[in-house]
Amino acid sequence: MASGKVTENDQLPASLNDLFTSVSAVVKGELQAEEYLGFGDVASGLRVFVEQLKSKSSTFDDYVQQLDAIEQNITEFEALISMLDKYVSLLESKMQSVYKIPPA
């Protein structure tokens, strides 16, 4: 009978260890599930934020197109100014040669 009691006493710590391990695993699983629920909320918030940014950026598309058009006009204007500068230089040299004015 003494050997039967020793076996029961040996099983009790092992059973308690198994119980604590199982409870620990359950608690850990619950904590991870709550953590992932928080991630879901964050992801949902980010999705809403991105949608808001998209709607705001679409309002800037008109402005970007206008800026592109202005940039194109400036480039054309710079080319025109360069051509006029060359033309004025040519006229100046012709005037100097006609009136025998030394170049400045």
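User: A salt bridge is a side-chain nitrogen of Lys or Arg within 4 Å of a carboxyl oxygen of Asp or Glu. In this predicted model, which residue forms a salt bridge with Glu-51?

Analyst: The structure holds one salt bridge. Its closest N and O atoms are 3.1 Å apart, and the cut-off is 4 Å. The partner of Glu-51 is Arg-47.

User: Are Glu-51 and Arg-47 buried, partly exposed or exposed?

Analyst: A residue is buried under 20% relative accessible area and exposed over 50%. Glu-51 has a relative accessibility of 44%, and Arg-47 has 46%. Because both values fall between the two cut-offs, Glu-51 and Arg-47 count as partly exposed.

User: Which class does the aromatic pair of Phe-60 and Tyr-63 belong to: stacked, edge-to-face or tilted?

Analyst: A search of the whole structure finds one aromatic pair. In that pair, the ring centres of Phe-60 and Tyr-63 are 6.3 Å apart, with 50 degrees between the planes. Planes under 30 degrees apart would be stacked and those over 60 edge-to-face, so the class that remains is tilted.

User: What is the relative accessible area of Phe-60?

Analyst: Phe-60 and Tyr-63 both lie in helix H1, three residues apart, or about one turn of the helix. Phe-60 is classed as partly exposed. Its relative accessible area is 48%.

User: What accessible area do the residues of the nonpolar surface patch have together?

Analyst: The patch consists of Leu-12, Leu-16, Leu-19, Phe-20, Val-23, Val-27 and Leu-31. Leu-31 lies in helix H1, which spans residues 2–99. Leu-31 is exposed because its relative accessible area of 53% is over the 50% cut-off. Together, the patch residues have an accessible area of about 670 Å².

User: What percentage of the accessible surface of the chain belongs to carbon and sulfur atoms?

Analyst: Of the 104 residues in the chain, 1% are buried. The accessible surface of the chain comes to about 9,600 Å². The share of that surface belonging to carbon and sulfur atoms is 64%.

Definitions and conventions:
Residues numbered from 1 in each chain as written. Predicted model: local features only at pLDDT ≥ 70, side-chain atom pairs only at ≥ 80, totals over all residues. Heavy atoms only, no water. Patch = residues over 30% accessible without salt bridge, like charges linked within 9 Å, V, L, I, M, F, W, Y side chains within 5 Å. Areas by Shrake-Rupley, 256 points an atom, 1.4 Å probe, with all protein chains shown as cover. Helix = DSSP H or I, 4+ residues; strand = E, 2+ residues; numbered from the N terminus. Buried < 20%, exposed > 50% of the residue type's maximum accessible area, 1.4 Å probe, protein only. Phe/Tyr/Trp six-rings, centres within 6.5 Å; stacked < 30°, edge-to-face > 60°.
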